[in-house]
Structure formats: structure tokens, C-alpha cells
Amino acid sequence: MANTQLLGLFEDPQKVADAMGELKGAGFPVEDLDIYSGSPFPEGAFGEHEAEHRLFMFPLVGALIGFSIGLLWTAGTQISYPLITGGKPILSIPPMTIIMYENTMLGAILFTVLGVLFESRLPKRDLGLYDERITEGYIGIYVDCPVERAGAAEAVLNSNGAEEIKKA
Amino acid sequence: MYYRRTLTEAQINQQLLGTVLTTPLWWIVLVSLLGIVVAGAVGAVGWMINQGLGVTGLRQPVFWGFFITNFIFWVGISHAGVMISAILRLSQAEWRRPMVRAAETMTVFALMASLAMPLVHAGRPWRIFYWVFPYDWARGIWPDVRSPLVWDPIAITTYLTSSMLFVYTALIPDLAIIRDRSTGWRRSVYGALSLGWHGNPRQWKIQGFAGILLSALILPVFVSVHSIVSWDFSVSLVPSWHVTIFAPYFVIGAVHSGVSAVVTLMIIMRKLYKLENFIWEEHIDALARLLMVVALAWMFLFWLDLVFALWLREEQEITVWMLRMFEPPWSWLFFLFFMFSFVIPVPLWMFRRVRRSFTWMLWTSLLVNFGMFLERFLIIVPALMRKGPQTFTYATYRPSPVEFTIIFGTIALVCFLLLIFSKFFPLIPLWEEKEGQLLIDHVKVGNVYVPALVKEH
Amino acid sequence: MAHEEHAIPQVPTHQEIASDIMARFQNVNQRYWSWVSLLALLFVGGIVGFVMRLSDGFDDRSNWGYYTATLSFLASTFLAMPIISAGLRLAKANWRRPLTRLTENMAITGVLIWFMLIPALIALPPTEGRLSVWFDFPHWMAFRGGNLMVWGTVVLIGLFLLWLLAVPDLAAVRDHMPASPRGKLARVLSVGWTGNTRQWRVLHSGALLFGAFYLLLYPTLQTLLQADFQAGLLPGMKDAIAPATALINALQGAVGLTLVVMYVMRRFGGYERYFGIDQFWALSKPLLAFSLLWFYFWWGSFITFWYGRQPGESELIRFMVLDSYRYPLMVSFMLNFIGPLVALVWNPVRRSIWGPTIVGAGVLVGALVNHIRWYVAPFSVPDPPAGEAWPHVLPEIPAGQLPGAADALIVVGGIAGAVLLFMLINKIIPVVSMWEVGEGLRLVKVRRFLARYAMVIAKSH
């Protein structure tokens with residue numbers, strides 16, 4: 001069954017919340033509805049689908065990789081060139097700790113940023129159904145539905161005061 | 001605090017994207033002037049490389065002078081970004097919104113300036129390579145990880161990379177706003193940089209978590225960077241440097257100078273970019289309160305450093321401190337440092353009228369940074385001075401015009417880079433401002449409306 | 001529909017809160033007396049331990065190591081708690097309101113701590129011939145008079161802060177139970193409070209001012225504690241960071257103790273609605289921060305000594321870190337740093353009642369063990385032969401000292417005495433501030449926010 005997409009543009013956030021409620025009431029699955037806005041609203045403000053994510057796992061993996069690199073680097077260089085300086089032993093743990101710490105944190109931060117992109121589903125080449133007014137205060141309701149239900153969705157959006165409805 | 005000057009999203013876009021979408025004349029003039037100063041400093045560096053370090057005031061035994069002072073100074077300034085941004089994000093302080101981006105950006109450019117200093121200081125900058133990277137594979141010679149001089153580039157590179165990613169991650173929604181307001185090649189560039197941002201709840205949720213998570217991760221890095229810089233000193237046996245308190249003392253000192261630099265930056269930004277609707281007296285007041293706490297903590301650590309330096313009654317240790325505090329010209333510099341970084345500004349900040357005056361806060365914050373530059377200078381130079389074997393006088397250090405030119409060049413460089421940045425990216429995060437407007441409310445108590453915020457629960 | 005997905009937050013009225021707290025305050029049941037009796041018994045045991053030590057005299061200072069460790073542990077946990085109240089009030093954190101009184105009530109333990117200081121000061125050797133932050137001051141005036149004065153001032157400010165902030169609630173007790181002895185005491189302590197505008201203004205300003213005094217003076221107490229009871233007795237100790245370390249660790253201990261006490265109050269005192277997830281969650285964040293700082297400050301000291309490699313430094317590392325006191329350090333390392341780090345990085349653990357409580361309890365055990373390392377070790381260093389100046393390097397490394405029966409009685413009895421005082425004051429001054437919670441309720445409203453409900457919280461100037 002072919003699907004189509006609609007984007008209803010609203011000025012008033014309350015109307016968006018009402019339209020979302022009505023769309024869900026009309027049997028549109030919440031996973032097929034999305035909201036586009038120019039600034040963040042508190043989670044659940046529109047009764048939208050609350051996204052699951054695993055962002056917190058990324059820094060852990062990154063930290064582990066960074067720590068391993070730091071350990072290999074510091075231990076490897078001292079073993080490769082075993083020169084005693086200042087009476088400090090080969091494989092001096094205190095200075096190794098400092099470099100391993102920095103590498104751990106760098107790994108964690110790099111992976112967090114990767115995680116942010118992955119969990120945000122970015123980058124995206126094509127903006128698809130979108131409107132530039134969204135970054136100027138308009139709020140868009142994006143509906144992905146079977147072609148034959150597009151009319152029902154459009155009616156709900158219209159009845160709740162959509163300024164404009166764009167279609168794919 | 002939050003119930004006045006309500007702006008629409010379109011108004012916020014228009015007011016904060018002013019210099020991005022148009023180019024005012026003052027911007028061209030300022031960038032040109034600063035560019036000339038930077039070019040002068042680059043010329044001075046070239047001259048120094050050509051002539052050798054003899055053109056500086058560095059002489060046996062004082063081989064750390066203005067360049068290393070300036071290195072520490074800029075690392076200190078760079079702490080402002082994380083201090084303001086990460087701590088205020090984590091504590092969800094509402095007044096953070098207009099200052100996070102500018103502070104984070106200043107971190108990046110200040111770090112670049114600081115990173116340039118050891119390169120310049122080396123005299124033959126390309127030889128830095130030998131310290132940091134494995135250079136003789138055949139003989140298996142590697143950099144010595146036990147040397148604190150190897151820790152510095154690792155820590156600063158980590159911090160610089162993290163800070164740039166921190167700035168970029170929070171910039172993505174604003175890049176999408178500029179994308180939607182521009183045309184032609186600019187639209188393509190901003191489109192690519194904004195990675196196809198839509199602003200759906202998932203993206204906003206991750207953006208919110210990213211701010212908190214990156215703040216939490218970058219905070220320990222920020223503490224470690226200045227600590228590692230301090231260990232350059234304290235793991236040596238030089239009198240007055242070999243003290244355990246240097247790490248937190250340097251970090252708090254850095255926060256003191258860094259937050260002062262943010263105050264200076266905010267006030268100048270407000271004037272230049274006409275940001276009266278975004279940067280208010282209340283913001284500067286909040287920063288001044290923070291500065292008072294930081295300054296007191298810094299003074300506590302300074303006092304501990306002094307008391308425990310005298311504690312062991314070791315002659316060399318006491319000699320350095322006496323030299324710093326009581327022998328001219330160091331005593332004059334010490335007096336100025338102490339007055340500028342604590343005695344004058346902190347009591348003044350106790351007055352609400354001073355805290356809410358842009359003029360007073362501009363000058364007191366500049367004073368602090370002048371004082372903190374002197375503080376770093378006084379930590380370094382008197383400790384390295386020795387009495388000559390037959391002369392009974394101290395070998396001294398006097399910075400040369402070449403060094404002064406390079407120091408002023410770094411100040412110009414940071415301002416220059418900030419101006420260039422502001423031409424392409426907004427210095428105040430638009431989406432954070434919009435979010436702030438959305439959460440403003442009030443509670444009526446009796447006849448009074450008390451400003452309030454909507455809290456997610 | 002969407003509106004039903006989020007429950008409507010309930011905000012109780014001031015009257016409901018006041019009557020609930022008053023009812024709990026008035027209720028003195030059998031279980032309360034059982035605990036008081038047990039604590040009193042343990043405290044008496046502590047006094048017996050103290051008398052045993054006293055009978056041996058002060059000549060052998062190593063007898064007083066555990067006593068001093070107990071003293072410093074109490075000063076670094078119980079006496080540090082008013083800082084939480086003062087700091088959060090300065091920061092205008094709204095979630096502080098139910099827990100400030102609890103931390104202020106702990107100031108009463110300062111009385112016990114101040115009296116405990118006297119024998120510890122007597123056990124210290126004279127400053128002649130050794131290093132001291134008092135330099136050439138006569139010793140009777142310097143570390144004895146100075147310590148008594150500084151500690152006394154901190155205790156007095158704490159008690160004044162406690163009284164000042166309790167006056168409105170004492171007036172409520174006066175009005176609710178006029179005939180009872182507690183009501184009569186409240187009548188005296190509430191000094192005719194009527195709650196007029198002027199009185200409230202003075203109360204608010206006084207609370208900020210005395211809170212700031214406490215914040216400014218408490219670091220001096222920790223500096224003297226470290227300088228006189230530790231560094232001054234350890235040859236070669238040049239550790240400027242130590243007072244700051246002690247201060248940070250004290251704040252960690254104070255947060256840990258607050259969490260544990262909140263849990264106990266929830267579990268056994270019926271105070272669930274006051275010490276809720278907001279308070280535990282909010283306090284778990286500084287607990288994590290102080291745990292990271294625990295390692296940072298320790299490391300700052302260690303790395304400098306390790307790189308310095310001067311004889312005095314190497315011997316001290318062996319004594320305090322690698323040899324004699326390595327096990328106490330390892331225990332503290334696990335409970336004050338690794339444990340909190342591993343547990344509290346997880347949001348579900350931070351955002352729970354049990355998570356921060358368990359970590360807080362661990363922090364307290366770790367702090368006690370670390371204080372034993374910090375003070376038993378220096379107290380076990382023998383004096384130099386008569387007439388000789390103190391050396392700059394440890395002549396020989398003393399073995400780790402285990403507690404004797406008297407020491408165990410003192411440690412348990414000292415802690416029991418502090419808890420006993422806290423339990424007693426809670427029946428004179430309500431453990432939750434009625435006026436401060438009530439004030440917070442007026443600054444909160446519930447609002448429909450699009451498809452959900454949200455709390456709106458005001459910040460008064």
C-alpha cells in the first residue's frame with residue numbers, strides 16, 4: 001500500500017497539541033507522526049512519540065577505546081625505549097595515568113558527538129517535506145500515512161487551524 | 001528577571017543574525033585594525049626566528065618569560081567557556097543562555113593563542129615536533145611520557161578538540177536557521193553544515209542530552225588541562241614551584257580570569273552588536289556574584305600557598321617569596337597584581353549598583369585580567385632568578401619589544417578570530433534564547449507577580 | 001488522550017504541611033526512646049574509653065590518635081552540614097527547603113565537638129623546635145588558644161544560624177503546645193516572634209549573612225585541623241593542598257551524611273513527602289562532583305611528592321600511601337572515589353532514593369577510615385630525643401596502628417554522642433522547617449502546558 005506525506009504548518013502551539021491529540025484519536029499511529037519546531041519544547045508537550053535512544057552507551061565505548069590507546073601508547077613507548085629518567089621506573093604508572101586519562105576523555109567525547117549525530121539521525125542529505133518558516137516560529141506536524149487516509153489527516157489538520165498543508 | 005522583553009522567534013532571528021546576514025562598516029574597520037596588529041606579531045615572530053632568541057629578554061637563568069606567562073594566561077582565559085557553559089548547563093541556570101556560545105567560542109580561540117605560545121617560545125618551532133612525536137624509528141627513540149612537557153600538548157589538544165566539537169554540536173540548530181534564511185552558495189554551505197536538521201522532538205531531545213553529557217565530560221578535561229599546566233611547575237624542584245596546591249590554585253585562578261574575560265566580552269558584544277534585548281544587567285550581576293565566590297576560593301588557595309611556602313622555613317623558598325613581595329620592581333608588580341585581581345574588584349562587586357553597571361563591570365573585569373597576567377608572571381620569573389656567583393645581584397629578566405609585540409598580537413588574534421566567527425555564526429544561541437522565552441512565566445503571590453520558570457518534571 | 005498521559009502534579013497547602021510536620025514533631029514514641037537509650041549507652045561507653053585513655057595520660061601521644069580521628073571525622077561531617085544549608089540558600093535552590101533544617105540541626109553537635117577538642121589539643125607537643133603554622137607565637141596562645149577560638153566561633157555561628165532560622169517554627173511550637181515543657185522552652189527561644197514584615201526581613205538577611213560567615217570560617221577550621229593535628233607532627237610534610245583536600249572531603253562527608261539522615265527520616269520518621277526523589281537526585285550531583293574532587297585533590301598531592309623524590313617526600317609516601325596505611329587508603333579510595341563514580345554516573349542510580357543513600361553511607365565509612373589514616377599516622381610518630389629539634393625527614397616509618405578496646409569505644413561513642421544530640425534537638429526544633437517549606441509552596445503553581453501539566457517555580461528576590 002503506497003504511503004504519502006503531509007506537513008501541516010501551525011502558528012499556535014496549542015493547536016498543534018490539539019491536532020496531535022485528534023490525529024491519534026483518529027487512529028493514526030503516533031510513530032507515523034512527527035513535529036518540526038524551531039526551538040525545543042518540553043518532552044511530551046504535544047503528546048508526540050517519545051523517542052528511545054542509547055546515547056549514554058557511546059561515551060562508554062569511546063572511553064574504553066581511548067583508554068586502551070592511552071595504555072598501549074604510554075606502556076609501548078616506555079618499553080620500546082627503556083631509558084630511565086629522574087630515577088623513575090620504566091612503566092611509571094603516575095605519568096601514564098595522566099595521558100591515559102586524557103585519551104579516555106577524548107575517546108568519550110569523540111564518541112559522544114558521533115552518538116549525537118547517529119541518534120539524531122544526522123546527517124540527512126535531503127530535507128524532504130519541510131518549510132523554512134519552521135525556524136521562524138511555525139510548528140509543523142508531519143504525517144506519514146497511506147494515500148487513502150491523507151484526506152482524513154488533512155481534515156484534522158485543517159479543522160485545528162493549520163495555516164498551510166504541504167504534500168509530498 | 002525573566003518576565004520582560006518577550007520576543008517572537010522571527011524577532012530573535014532578525015536581531016541575532018544581524019551581522020551574519022549583513023556586514024556593518026565597524027566590523028570591517030575593526031577586523032582590518034586587528035589584522036594589522038596580528039600581522040605585526042607574525043612579523044615579530046619571523047624576525048625572532050631569523051635572528052634567534054637573543055632578540056627577546058630571555059637570558060640565563062630566566063628562560064621562561066613573557067611567552068610562557070602568556071601561554072598560561074590564555075589557557076586560563078580558555079577556562080571561561082567550560083566554566084560558564086558546562087557548569088551552568090548542568091545546573092540548568094536560566095541566565096546561561098546568552099553567554100554560553102560566546103564563552104565556548106572564546107575558549108577555542110584562547111586555546112589556539114595559548115597553543116601558539118610554546119611554539120613561539122621554542123625559538124625553532126619545528127623542533128617541537130621532536131618532543132611530541134616519535135622521531136627516530138630506526139633507533140626506537142620515543143617521546144618520554146614521564147615528562148610533563150609531553151602532557152601539555154596532549155591535554156590541550158584534547159581540550160581544543162572537545163571544545164570545538166562542543167561548540168559545533170550546539171551550533172547545528174542555529175546553522176539550520178541561517179540555512180533557511182540564506183540563498184545561493186551560502187545556503188549550500190549552511191545546509192551542509194547543519195547536516196539536514198529538521199528540529200523534530202528526537203533531535204531536540206538528543207540536543208538537550210548532548211549539552212548535558214558533553215558538559216559533564218568536558219568539565220573533567222577542563223580541570224585536568226590547567227592542572228597539567230601547573231604540574232609543569234610543581235613536579236620540578238624549583239623553589240616556590242614544587243608545591244602540591246598548584247593544580248587547584250591554577251584552575252581557580254584560571255576560572256577567575258576566564259569568567260572576568262566573559263564579563264568583558266559580554267559587555268563589549270552588547271555594545272557592538274546592539275544586544276540590549278538579550279544581555280541584561282541581571283546577567284552581568286549573576287556573573288559578578290559567581291566571580292565573588294571564585295575570587296574568595298582563589299584567595300583561600302593563594303593564602304594556603306603562601307603559608308605553606310613559609311612553613312618549612314627553607315631559605316630558598318623564603319628568598320623567592322621575599323623577592324616577589326618586597327624587592328622592587330617585583331614588589332610593585334606584586335602590589336598591582338594583588339590590588340587588581342582581588343582588593344579593588346571584589347569589595348566593589350559587593351555593591352549591587354556596581355554589579356549591575358556595565359561600565360564598572362567592564363573596567364573591574366579588565367583589571368582582574370591585568371592582575372592575573374601579572375600573577376602568572378610573578379609565579380614564573382622571580383622563581384627562576386638566581387644570584388650570580390660573584391655578583392651578589394639577581395640575574396633579571398626584562399621583556400623586549402619583540403615579546404611585547406607578540407603578546408599584544410595574541411590579544412588581537414583572539415579578538416580578530418571572534419569577529420570573524422561572528423560574521424558567519426551567531427554569538428548568542430538563537431534556539432536557546434527561543435527555548436528560554438517559551439519557559440518564562442510568573443507566579444502571583446498576593447499582589448506581586450514573581451518571575452518564574454516552567455520546570456520539566 | 002494525550003492530556004491523560006501526564007499526571008497532574010499536586011501542590012499541598014501550607015496548612016496541610018504545617019499540621020503534618022507538627023504532628024510528627026509532637027509524636028515521641030517508644031521507638032524514639034529506645035534509640036535514644038541505645039545511643040546514650042554507646043556514648044557512655046565512649047566516655048569510659050576516654051577515661052581509660054585519660055588514665056594513661058598524654059605522654060604517649062599515639063594513645064590519642066583514634067580520639068583525634070573521631071574528632072576530625074565529626075568536625076568534617078556533622079559540623080560541615082550547615083554549609084549545605086548556607087550554600088543552597090545563597091544559590092536559591094528551591095529543592096533545598098525540606099532539608100535545610102536537618103542540616104542546621106546538626107550544628108548542635110558542635111558543642112560536643114568543641115569539648116572533644118580540648119584533650120586533643122593537650123595531646124599536641126609544644127611548638128618549640130618543630131614546624132607550625134603558628135610560627136613563633138607562644139604555643140599556649142597559638143595552637144591551643146587559636147584552635148579553641150576558631151572552632152568555638154564556628155560552633156557559635158552554627159548554633160546562632162540554627163536558632164535564627166528556627167524562630168518562626170519555635171513560635172509555632174509555642175502556640176501549638178503551650179502547656180508542655182517543650183512548648184515552654186519554645187516560648188523562651190522564640191523571643192516573642194509574631195512574624196511581622198520587619199522580623200521576616202531581618203530573618204532572611206541574617207540567614208544569608210550568618211550562612212556566609214559560616215562558609216568563610218569553616219575552611220579556617222579545616223586548615224587548623226590539618227596544620228596542627230597532621231602536618232605539624234609529620235616530618236617533611238609540605239602539603240599546602242591538605243587543608244583544601246580536607247575541606248572538599250568534609251563537604252563530601254556532609255552530603256553523604258545528609259543523604260543517609262534523609263533516608264532514615266523517610267524510613268523511620270514518616271517524612272517521605274519531604275525527603276523525596278528531588279532532594280536525593282539533586283544531592284547526588286554534588287556528591288558525584290565531590291567524589292571526583294576527592295581523587296583530584298589526593299592526586300595533586302601525590303603526583304608532586306612522587307615526582308619530587310626528596311627524602312622527606314619519599315618517606316611520607318611510604319608511610320601514608322604505600323606501606324603502613326595503604327589499606328585504609330585503599331578502602332577510602334574505593335568508597336570515596338571509585339564507588340561513587342561507578343554508581344553515580346548512571347542517571348537511574350542518581351535518580352533514586354536507594355542509590356545516593358548507599359553511596360552516601362559508603363562515603364561516610366570511607367571518610368572515617370581516611371580520617372584514621374590522616375590522624376592516627378601522625379600521632380604515632382614519636383617525638384625527637386629531648387632537646388633536639390624535630391627532623392625534616394621521618395627517621396623511621398612507624399607501623400600502622402590498629403585500634404585498641406578504648407579506641408573502639410571512643411570512635412563508636414563519639415559518633416553515637418553526635419547522633420544522640422541530633423535526635424534530641426529534633427524534638428525541640430522540628431526537623432523540617434515549616435516556614436521554609438511553606439514559603440516554597442507559595443512560589444509554585446501547576447499549569448497546563450500544551451498537552452501536559454508542568455510545575456512553574458518562581459525565584460523571589
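Student: Which residue in strand 3 of chain A does A:Gln5 stand opposite?

Tutor: A:Gln5 faces A:Asp144 there. This is a predicted model, where local features need pLDDT of at least 70 and side-chain atom pairs count only at pLDDT 80 or more, while totals for chains, interfaces and linings use all residues. Residues are numbered from 1 along each chain as its sequence is written, chains are lettered from A and ligands numbered from 1 in the order written, and side-chain values use heavy atoms, without hydrogens and water.

Student: What makes strand 1 and strand 3 of chain A a pair?

Tutor: Pairing needs at least two bridges found by DSSP between the strands. Strand 1 (residues 3-10) and strand 3 (residues 139-146) of chain A have eight bridges, in the antiparallel sense. The numbering follows DSSP runs from the N terminus: helices are H or I of at least four residues, strands are E of at least two.

Student: How many strands does the open sheet of chain A have, and in what order?

Tutor: Four, in the order 2-3-1-4, with antiparallel pairing.

Student: Why do strand 2 and strand 4 of chain A count as edges?

Tutor: Strand 2 (33-36) and strand 4 (164-167) of chain A each have a single partner strand, so one side of each lacks a neighbour in the sheet. From one strand to the next, the twist averages 20°.

Student: What makes helix 1 of chain A packed on that sheet?

Tutor: Contact does, meaning heavy atoms within 4.5 Å. Helix 1 (residues 13-25) of chain A touches strand 1, strand 2 and strand 3 of chain A. The direction of helix 1 makes about 15° with that of strand 3 of chain A. Helix 4 (residues 150-159) of chain A also packs on the sheet, touching strand 1, strand 3 and strand 4. The direction of helix 4 makes about 5° with that of strand 1 of chain A. Such angles run from 0 to 180 degrees between N-to-C directions, with axes fitted to C-alpha atoms, for helices over the stretch in contact.

Student: How do you know how much area chain A and chain B bury?

Tutor: Buried area is the accessible area (1.4 Å probe) that two parts lose on being put together, summed over both. For chain A and chain B that comes to about 5,400 Å², 67% of it on carbon and sulfur atoms. The contact joins 59 residues of chain A to 55 residues of chain B.

Student: Why is A:Glu43 with B:Lys205 called a salt bridge?

Tutor: The rule asks for a side-chain nitrogen of Lys or Arg within 4 Å of a carboxyl oxygen of Asp or Glu. Here the N to O value is 2.8 Å, so the pair qualifies.

Student: What makes a pair count as a polar contact, and how many pairs join chain A and chain B?

Tutor: N or O atoms must lie within 3.5 Å. Within protein, one must be able to donate a hydrogen and the other to accept it, and residues adjacent in sequence count only if both atoms are side-chain atoms. Chain A and chain B have 25 such residue pairs, both residues at pLDDT 80 or more. Strand 2, helix 2 (57-80) and helix 3 (93-119) of chain A each supply at least two residues of the side that touches chain B. Helix 3 of chain A gives the most, 16 residues.

Student: What joins strand 2 of chain B to strand 2 of chain C?

Tutor: Four bridges, with strand 2 (residues 448-455) of chain B running antiparallel to strand 2 of chain C. B:Lys455 has C:Met455 as bridge partner.

Student: How much area do chain C and chain B bury?

Tutor: About 4,100 Å², 68% of it on carbon and sulfur atoms. C:Lys238, C:Tyr296 and C:Tyr307 supply 18% of the area that chain C buries against chain B, more than any other three residues.

Student: Why is C:Arg447 with B:Asp441 called a salt bridge?

Tutor: Their closest N and O atoms are 2.8 Å apart, so the pair meets the rule. Across the interface of chain C and chain B, the rule finds three salt bridges.

Student: What makes the bond from B:Gln60 to B:Pro61 cis?

Tutor: Omega is near 0°. B:Pro61 sits in the loop between helix 3 (25-51) and helix 4 (66-90) of chain B. A cis peptide bond also joins B:Pro328 and B:Pro329, with omega about 0°.
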